[in-house]
Amino acid sequence: MTKRLQVLFEDDELAEIQALAKRRRQTTAAFVRDAVRAARQSSDYPTVESKLRALREAVSHAYPTADIEQMNSEIERGYLGGVPASDE
C-alpha cells in the first residue's frame with residue numbers, strides 16, 4: 001500500500017528540484033522519491049550500534065570537568081581575551 005506525503009518547499013528550492021528532475025527526465029515526485037531512498041541507503045547514515053559504540057567509548061575516558069559556574073566563567077574569560085568576568 002502506498003501513502004501520500006506532503007513536503008513543503010520555498011518557491012526557489014522547488015524550482016531547483018523541478019529543474020533537476022527535468023534534466024533527468026523524471027517527474028518531480030519520482031526525483032524526490034529517488035532522493036529520499038538514496039538518503040536512507042547512504043552509508044553516511046549512522047546506525048544505532050555505531051552511535052552506542054561512540055557513546056560507550058566517550059564515557060570510558062576521564063575528561064576534566066568542573067562546577068558548571070566555574071566552567072561558564074572560564075569560557076567567558078576566554079571569549080573576553082582573559083579579562084575576568086564582570087561577576088568576579
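This is a short chat about a predicted model and a few of its features.

Me: How much space lies in the largest pocket?
Reply: About 450 Å³. The pocket is lined by 13 residues, and those closest to its centre are L5, V7, A29, V32 and R33.

Me: Which helix gives the most to that lining?
Reply: Helix α2, which covers residues 28-41, with 6 residues.

Me: And how does the lining split by class?
Reply: There are 7 nonpolar, 2 polar and 4 charged residues in the lining of the largest pocket.

Me: OK, salt bridges. How many does the count come to?
Reply: The count comes to 1 salt bridge. The side chains of R37 and D34 meet in it, at 3.7 Å from N to O.

Me: Why does that pair count as a salt bridge?
Reply: The rule asks for a side-chain nitrogen of Lys or Arg within 4 Å of a carboxyl oxygen of Asp or Glu. The R37 and D34 side chains are at 3.7 Å, N to O, so the pair meets the rule.

Me: Where do R37 and D34 lie?
Reply: Both are in helix α2, 3 residues apart, which is about one turn of the helix.

Me: What are their relative accessible areas, and what class does that give?
Reply: R37 has 44% and is partly exposed. D34 has 34% and is also partly exposed.

Me: Changing topic. What makes up the nonpolar surface patch?
Reply: I68, M71, I75, Y79 and L80 make it, with an area of about 520 Å².

Me: Where is I75 found?
Reply: I75 is in helix α4, residues 68-79. Its relative accessible area is 44%, so I75 is partly exposed.

Me: How far is M71 from D34?
Reply: Their C-alpha atoms are separated by 47 Å. Along the chain, D34 and M71 are 37 residues apart.

Me: One more. What is the phi of R25?
Reply: R25 has a positive phi of about 55°, although R25 is not a glycine.

Me: Where is the place of R25?
Reply: R25 is in the loop between α1 (11-23) and α2.

Me: Is R25 buried or exposed?
Reply: Exposed, because its relative accessibility is 81% and the cut-off for exposed is over 50%.

Note on methods:
Residues are numbered from 1 along each chain as its sequence is written. This is a predicted model: local features need pLDDT of at least 70, side-chain atom pairs count only at pLDDT 80 or more; totals for chains, interfaces and linings use all residues. Side-chain values use heavy atoms; hydrogens and water are left out. On a 1 Å grid over the protein atoms alone, a cavity is a set of points where a 1.4 Å probe fits but cannot get out, and a pocket is an open set with protein on both sides within 12 Å along at least five of seven lines; lining residues have an atom within 4 Å of a point. Grid points are joined across faces, edges and corners, and a volume is the space filled by probe spheres set on the points. Helices (H or I, at least four residues) and strands (E, at least two) are DSSP runs, numbered from the N terminus. Ala, Val, Leu, Ile, Met, Phe, Trp, Tyr, Cys and Pro count as nonpolar, Asp, Glu, Lys and Arg as charged, and the others, Gly among them, as polar. Patches are made of residues with over 30% relative accessible area and no salt bridge: like charges are joined within 9 Å, nonpolar side chains (Val, Leu, Ile, Met, Phe, Trp, Tyr) within 5 Å. Accessible areas come from the Shrake-Rupley method with a 1.4 Å probe; for residues, only the protein chains shown count as cover. Buried means under 20% relative accessible area, exposed over 50%, partly exposed in between (1.4 Å probe, protein chains only).
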